[in-house]
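Please look over the sequence and the model below. A short report on selected features comes after them.

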Amino acid sequence: MARRKKIYEGKAKTLYEGPEPGTIVQYFKDDATAFNAEKKDVIEGKGVLNNLLSEYFMEGLGQIGVPTHFLKRLNMREQLVRTCEIVPLEVIVRNFAAGSLCTRLGIDEGTQLPRPIVEFCYKDDALGDPLVSEEHIAAFGWASQQDMDDILSMTLRVNDFMSGVMLGVGIRLVDFKIEFGRVFEGDFQRLVVADEISPDSCRLWDIETGRKLDKDVFRRDLGSLTDAYSEVARRLGVMPNTPPQGGKPTLVN
């Protein structure tokens, strides 16, 4: 069996060449990082849970007409996605005040915002993914005005979908970040939701108790990250029948 070619390795995922042209295998690692990778650990089973949860959200978005790069889950740690050109932006939606918003603006954590606030960060780990404005995005050509209109529209649809799903299982969607990619189809291109959607990229609080069910558990040393992610998966009905285990990437032709 031939070993696949590694395309890229990030903090939480490794990308391999897919079995067909225009596809990529996305492998979810157990690595956990925070504060721009200043804090690191390996959390057994985290990759399995993020793979299952990202599949759940990506499929849900597809069902409501929001295009994504997701094709199918291959196994407990891998999914097949479409190759796309990543827009170099992190798109952040904030429904309640938390994290850097509280630090920047002096707002108490948990304050409900008057409306969802969408922010943009330039994807560059060396720079700490700095906050940028639409003026920066236009000036440096990271996305066209049409791209930005589409990104904003799709982002708010994702927020509506995610907020509703979480509310239904007693979880508050405080904020989240997503990424977009360009898929080329002949002479045309379209934007799709890319990367992943998981507790790694969301802030999720239990509505009744305020318990954190996201990566803040790791950032703030609040307990078991696997237990927190497992609780989200259990409520959504995607908890695996057997406990998440570590393991190496499965090699496929």
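This is a predicted model: local features need pLDDT of at least 70, side-chain atom pairs count only at pLDDT 80 or more; totals for chains, interfaces and linings use all residues.

Residues are numbered from 1 along each chain as its sequence is written, and side-chain values use heavy atoms, with hydrogens and water left out.

Over residues 6-235 the chain is 30% helix and 36% strand. The end C-alpha atoms of that stretch are 34 Å apart. Helices (H or I, at least four residues) and strands (E, at least two) are DSSP runs, numbered from the N terminus.

Helix 1 spans residues 46-63 and has 18 residues. From first C-alpha to last it reaches 26 Å, close to the 26 Å expected at 1.5 Å a residue. The expected span is 1.5 Å times one less than the number of residues. Of the 18 residues, 14 are buried, so helix 1 is largely enclosed by the rest of the structure. Buried means under 20% relative accessible area, exposed over 50%, partly exposed in between (1.4 Å probe, protein chains only). G65 follows the helix, with a positive phi near 90°.

The largest nonpolar core has 47 residues. Such a core is a set of buried Ala, Val, Leu, Ile, Met, Phe, Trp, Tyr and Cys residues joined through side-chain atoms within 4.5 Å. F57, V158, F180 and I197 have the most contacts inside this core. Helix 4 (residues 145-168) gives the most to the core, with eight residues. Beyond four places away in sequence, F57 touches F161, M162, V165, M166, I197 and L236. Contact here means heavy atoms within 4.5 Å.

**Hairpin and buried residues**

Strand 6 (residues 70-73) and strand 7 (residues 78-82) pair in the antiparallel sense over three bridges. Pairing requires at least two DSSP bridges between the strands. The two form a hairpin with four residues between them. F70 stands opposite V81 in strand 7.

H69 sits in the loop between helix 1 and strand 6. H69 is buried, at 3% relative accessible area. Its contacts beyond four places in sequence include L80, V81 and R82.

T14 belongs to strand 2 (residues 13-17). T14 is also buried, at 3% relative accessibility. Among the residues T14 touches, beyond four places in sequence, are V25, Q26 and Y27.

**Salt bridges**

A salt bridge is a side-chain nitrogen of Lys or Arg within 4 Å of a carboxyl oxygen of Asp or Glu. By this rule there are 27 salt bridges.

| Pair | N to O distance |
|---|---|
| K212 and E109 | 3.7 Å |
| E185 and R190 | 3.3 Å |
| R235 and E231 | 2.8 Å |

K212 and E109 are 103 residues apart, and the pair links distant parts of the chain. K212 is buried at 15% relative accessibility, while E109 is partly exposed at 38%. E185 is partly exposed at 37%, and R190 is partly exposed at 35%. R235 and E231 both lie in helix 6 (residues 225-236), four residues apart, about one turn of the helix. Salt bridges that share partners join R94, R104, E119, D175, R203, D216 and R219 into one network.
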